[in-house]
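Work through the two exercises below with the sequence and the 3D view side by side, and try each task before reading its solution.

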Amino acid sequence: MNDFWIACGHHLLDRDESGGLCITDEFLKAYFARPELIPPDEACPVERRLHRALLASPRRPVSAEEIEAIVDADARENWRLVLAFRDLLVRHPTLEQAYLATVRSGTNDLPPLFVNQLVHVILRNALDGCDDPFVLRAAELFFRPQRILPQEQALLLGDEEVVGGQNPTPVLSLMSMLGAVTDAELDVLREDNAGDYWRRSDQFDMAFDLTAGGRGPAALAQAMARWISHLLGIDVSIEPLRELRDARLTWYIGLDADATRLGDRLWHGEQLDDRSAGRVLSLFRLTFGNTSAAADEMRGEPVYLILSMNADGKLRMKPQNLLTGLPVKHLEMAT
């Protein structure tokens, strides 16, 4: 079986009997060994001692007074954030439970970087054993912001960090035959190069085709169903749609902030103008495998999922919406 997303650190974690990820000292040490937390040459003695102590004993309690004694203000803030993240993970039996506690609380205390890293490793666990590179590339949308790439005949996404360098609109390598010149070239994931994904999975450098009717939306639907099943223990079927025509929008979930706003407008009976409608990237219909899991008012009714880009042509998916917005009777976690 091919491995993938090795950099997320899943090898450093244990699993409980239900398959949830259990925190280990090795995983915590990997955070404290990150370049952002290694004290620079000019760091004060307090910060240096703290760093050494946490590498030796990563669950060691750290008082507010100890943090305040660090001279550099930026270093103090970095340590506050990473220790708050550590304490969240240590408080819960599994990383899945820590993540659910965070998204259900409705607070935004954790920086997006930490949230995305947590989603990354949990999703790696949820997709363990998956042998479909299209599903895995689709799942990158959960924790890696994307940018819409210029292409008239297809809806193509590239990793925002990879393509967001000097050239903000990279030409795809499949277009290089037309004589286009650019600093950034991406391969679009296709059947004939899908095998390359395994060695490139930590580089996030393959573009993804999300064109309606193609393999991309179906792959994203599978990734979303696995995510829900892993975290909530609920089996759902998700199918891509070409358009929301004559649909009774009993319940909808925006998969990003802009999609939520668009869904709200549709819910209130507003007709979307061409510009707003053009920002919708994908539509999906979700049905429950066991209708008894759905809230009473949703028995037999589908849930519609909306994915969109923002005005700058970027996509920042919010996978927590699939968990907190799903109309179910209970939100107990499977793992």
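Two residues are in contact when they have heavy atoms within 4.5 Å of each other. The model used in these exercises is a predicted one.

**Exercise 1. Describe the surroundings of R316.**

Step 1. Begin with the place of R316 in the chain, which is the loop between β12 (314-315) and α13 (321-324).

Step 2. Then look for contacts, leaving aside residues up to four places away in sequence, and R316 is found to touch P145, L255, D256 and N310.

Step 3. Finally, compare sequence with space: R316 and R147 are 169 residues apart in sequence, while their C-alpha atoms lie 8.9 Å apart.

**Exercise 2. Describe the largest cavity and the residues that line it.**

Step 1. Start with the count, which comes to one cavity of 30 Å³ or more; the volume of the largest cavity is about 40 Å³.

Step 2. List the lining of the largest cavity, which is made up of L28, Y31, F32, V82, F85, R86 and L89.

Step 3. Assign the lining to elements: α1 (25-32) and α4 (73-91) each supply at least two residues, and α4 gives the most, with four residues.

Technical notes. Residues numbered from 1 in each chain as written. Predicted model: local features only at pLDDT ≥ 70, side-chain atom pairs only at ≥ 80, totals over all residues. Heavy atoms only, no water. 1 Å grid on protein atoms, 1.4 Å probe; cavity = no way out; pocket = protein on both sides within 12 Å on 5 of 7 lines; lining within 4 Å. Points joined across faces, edges and corners; volume = space filled by probe spheres on them.
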